[in-house]
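Me: I am just starting to read protein structures. Please take me through a close look at a single part, and then show me what else can be said about the whole model.

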Amino acid sequence: MDTDQRSDLLRDLGQPKGVTYIELFFDLVFVFTLFRLSQTLMAHLDWVGAFQTLILLMAVWWVWSYTNLLTDTLDSRLIRLQFLITATMFGILVTSTAIPEAFEERGLLFAIAYVAINLGRSSILAFALRHHHLGRRPLRGAVWFAVSAVPWFAGAMVEDAGRLALWSLALAIDYVAALVGWPVPGLGRTSSAEWNLADEHMAERYRLFVIIALGETVAITGRTFHDSDFSLHRGTAFTLSFCITVSLYWIYFHRTREKLGPAFSGASDPADGNEPRSRSKEAALAHLIMVMGVVGITVADELVIRHPTGSAPASWVAAMLGGPALFLAGHALLGRQVFTRAATPRLVGLAVLIVASPAMVGLAPLASTGLAAAVLAVVVGFEIRLNGPLPGARSLPPRG
């Protein structure tokens, strides 16, 4: 079989680069995933629990990111690729069901599902593209996913600190191997010639994930308010929580929506591990940090609506102010790529949240939430003043 016989798998960069319905369908599972992550953090709201949640979030984020690379490189309109995406969706759904007890009795289920997704998908793609030069990329990925499977499974066999350490090692292998191009003896490492990126499609995928994450905060806010007895304090907490979500939307989508695509296209070599300033890598890290922040904000919304008064412990303040701080930090990093600068309002807002955090410990949860809402509102105001009003609404690009 020659190379051209498999070239139909590749996305035609000359055709519309819009997101397809199968990709939107795939994203639905992450509504449930983010909910499970926020509930896991809520149940273990301490430093160890936060680190465990971070490990789980980075694992599912990697699954989403790798699938994003797949649909960005290959033509997701093809039935056989849609079957692969659907199988991945099932795998992440299984993984999500195990998230709350991943560091307890369901560790093995989480490890099996995660390894099966990554190793299975890469192996299938390597076979499907075996006669095309792009097939070397998933083949290298399969080799490294097989390597990281060892600490994933070993970690599932031990408990507590041992599992946390081994799974941290496994994630480090997955992330670092990708950053340096999955080097394999005899195959080398991934080069720019082995990428077929559609920059606007990549940008749209990130924008849609942010919408999903923000949608999760809206759902949790509404559900918690419904399940709680009404009071003036709870009504205030509900309103402030919604205002925080709206502010996050404005901060992210004000100008970012029209400049994120060019930021990806401006990357000299998204696969080159020797390029420390690769724009696509920094944009991916920035979005991961923002999603971390949204998970914290989701927990904070539930806490403040259920317990608007009383004394807030340090862990609650960390969620209520740390969540918005992480979002601003991630957006400031993204600003380096989108606007080639980190806007001052975001950095000032980040500093205010960090400096004010100790003073919020022991005060009513409403105080921390009110501060977060005020800081974000000021950031929005300065962003509009600096960059002008939002341009006219733009619909999603045509779906290929």
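**A close look at S122**

Reply: If we leave aside its neighbours within four places in sequence, S122 is in contact with Y66, P138, G141, A142 and F145; contact here means heavy atoms within 4.5 Å. Before going on, please note that this is a predicted model, in which local features need pLDDT of at least 70 and side-chain atom pairs count only at pLDDT 80 or more, while totals for chains, interfaces and linings use all residues. Residues are numbered from 1 along each chain as its sequence is written, and side-chain values use heavy atoms, with hydrogens and water left out.

Where does S122 sit? S122 belongs to helix 5 (residues 107–128). Helices are DSSP runs of H or I with at least four residues, strands are DSSP runs of E with at least two, and both are numbered from the N terminus. S122 counts as buried because its relative accessibility is 0%. The cut-offs are under 20% relative accessible area for buried, over 50% for exposed, and partly exposed in between, using a 1.4 Å probe and protein chains only.

Now move to R106, which is in the loop between helix 4 (79–98) and helix 5. With a relative accessible area of 36%, R106 is partly exposed. Not counting residues up to four places away in sequence, R106 touches T97, A98 and E101. R106 and T95 are 11 residues apart along the chain, and their C-alpha atoms are separated by 9.6 Å.

There is also a nonpolar surface patch of about 420 Å², made by L108, I112, F153, M157 and V158. Patches take residues with over 30% relative accessible area and no salt bridge; nonpolar side chains (Val, Leu, Ile, Met, Phe, Trp, Tyr) are joined within 5 Å, and like charges within 9 Å. The areas come from the Shrake-Rupley method with a 1.4 Å probe, and for residues only the protein chains shown count as cover. One member, V158, is found in the loop between helix 6 (136–156) and helix 7 (160–179). V158 has a relative accessible area of 31%, so it is partly exposed.

Buried residues of helix 7 include W167, D174 and Y175. Just after helix 7, G181 takes a positive phi of about 85°.

Helix 3 (residues 47–73) passes the same kind of length check: its 27 residues should span 39 Å at 1.5 Å a residue, and its end C-alpha atoms are 38 Å apart, which agrees. Since 22 of those 27 residues are buried, helix 3 is largely enclosed by the rest of the structure.

A search of the whole structure finds six salt bridges, each one a side-chain nitrogen of Lys or Arg within 4 Å of a carboxyl oxygen of Asp or Glu. In one of them, D27 pairs with R205, and the closest N and O atoms are 2.7 Å apart. This pair links distant parts of the chain, since D27 is in helix 1 (residues 21–27) and R205 is in helix 8 (residues 199–227), 178 residues apart. D27 and R205 are both buried.

Finally, step back to the whole protein. How many helices and strands are there? The protein has 14 helices and zero strands. Of its 400 residues, 54% are buried. Among contacts between residues at least 6 apart in sequence, 80% join residues at least 24 apart. The protein exposes about 16300 Å², and carbon and sulfur atoms supply 67% of that area.

Technical notes
The expected span of a helix is 1.5 Å times one less than its number of residues.
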